[in-house]
Amino acid sequence: MNESLALIARLKRIATTGMPTQGDGRADDAWLTQGMAKAQLHEIFATVDDSASGAGFAIASVLAARAAPVMWLRTEASERQGGRLHATGLVEMGLDVTSLVLGLVEDEASLLRAAADAARCHGLGTLLIESWGRAPKIDLTATRRLMLAAEASGVTILSLRIGAEPVPSAAASRWQVAACRSRPLEADAPGKPAFDIELLRRRGGQAGLRWRVEWDRDAHIFDQTAFASDDSAALPGAGIPVAADRAATDDAAAFVRRTG
């Protein structure tokens, strides 16, 4: 009750004074080794074809920030379109699946209600909210509430937006994610998961920055040295399934792409 009253009071203050202006005071590339700023809302955008890369980047960001346990909320429509989560793929990314709680809800309105409750849970490290398509209910008002809840509880919130266009929101940062090719390992073994990352927006900081990185599951960091000198050795890749067990047989399988 006290937390709800505090949240309402803060929303009223923001209605008259605007959103807080504090941003991530770290270096622009701090996320490579430390993940995204904690106790904030961050948006991750990916196309439908790159949906698994978006999911993989989200999980890798959790691990880089050492921000477990994780609650992953998704709608029934998301599961039909993206497939059920595959524990083996999550383990390949380095996640201890015992630290993951999956919540499946009926629709977008239920997703936001569940997210509002989970965001106030102090024992949670990260709340991952997955939505597909336009998702009009995830608007400026809804994201303001989520940001306030994150700041109050210390929970990091990642909003994974698949097949959506960016709209005004209260998120501290906004990222665009796509798969890219990575270095082959010894004996032409498949390379590490690789991502093309663009920082679209960052509150109080520079935007428009871009990185090509590999995910180092042992060190729990994003490594950009693989692309520092020679991209010519890149090879097309295989995949780490993070979503499988298709709920609808005519949907394509989803993967976090492990390339090399």
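Helix H6 (residues 108-118) lies across strands E2, E4 and E5 and runs at about 165° to E2. Here helices (H or I, at least four residues) and strands (E, at least two) are DSSP runs numbered from the N terminus, and axes are lines fitted to C-alpha atoms, for helices over the stretch in contact, with angles from 0 to 180 degrees between N-to-C directions. The model is predicted: local features need pLDDT of at least 70 and side-chain atom pairs count only at pLDDT 80 or more, whereas totals for chains, interfaces and linings use all residues. Residues are numbered from 1 along each chain as its sequence is written, and side-chain values use heavy atoms, with hydrogens and water left out.

The buried residues of H6 are Glu108, Ser110, Leu111, Leu112, Ala115 and Ala118; buried denotes under 20% relative accessible area, exposed over 50%, and partly exposed in between (1.4 Å probe, protein chains only). These buried residues pack against E2, E4, E5 and helix H7 (140-153), contact being defined as heavy atoms within 4.5 Å. At the start of H6, a side-chain oxygen of Asp107 comes to within 3.4 Å of the backbone nitrogen of Ala109.

The strands E4, E2, E5, E6, E1, E7, E8, E9 and E10, in that order, form an open sheet of 9 strands with mixed pairing; two strands pair if DSSP finds at least two bridges between them. Strand E4 (100-105) and E10 are at the edges with a single partner strand each, so one side of each has no neighbour in the sheet. Neighbouring strands of this sheet are turned against each other by 30° on average, direction ignored. Strands E7 (residues 173-179) and E8 (residues 194-202) pair in the antiparallel sense over 7 bridges, and Val177 stands opposite Ile197 in E8. Helix H3 (residues 51-64) lies across several strands, including E1 (41-46), E7 and E10, and runs at about 125° to E7.

Within strand E10 (residues 221-223) is found Ile221, which is partly exposed, with a relative accessible area of 24%. Ile221 and Ala64 are 157 residues apart in sequence and 5.4 Å apart in space, C-alpha to C-alpha. Beyond its neighbours within four places in sequence, Ile221 is in contact with Leu32, Thr33, Glu214, Trp215 and Asp216.

The mean pLDDT of the protein chain is 84, and 79% of its residues reach 70 or more; pLDDT is the predictor's confidence in each residue, from 0 to 100. Over residues 14-21 the pLDDT stays under 50, and the model has 12 contacts beyond four places in sequence for this stretch. The pLDDT is also below 50 over residues 230-240, which have 28 contacts in the model beyond near neighbours in sequence.

Terms used
A polar contact is a pair of N or O atoms within 3.5 Å; within protein, one must be able to donate a hydrogen and the other to accept it, and residues adjacent in sequence count only if both atoms are side-chain atoms.
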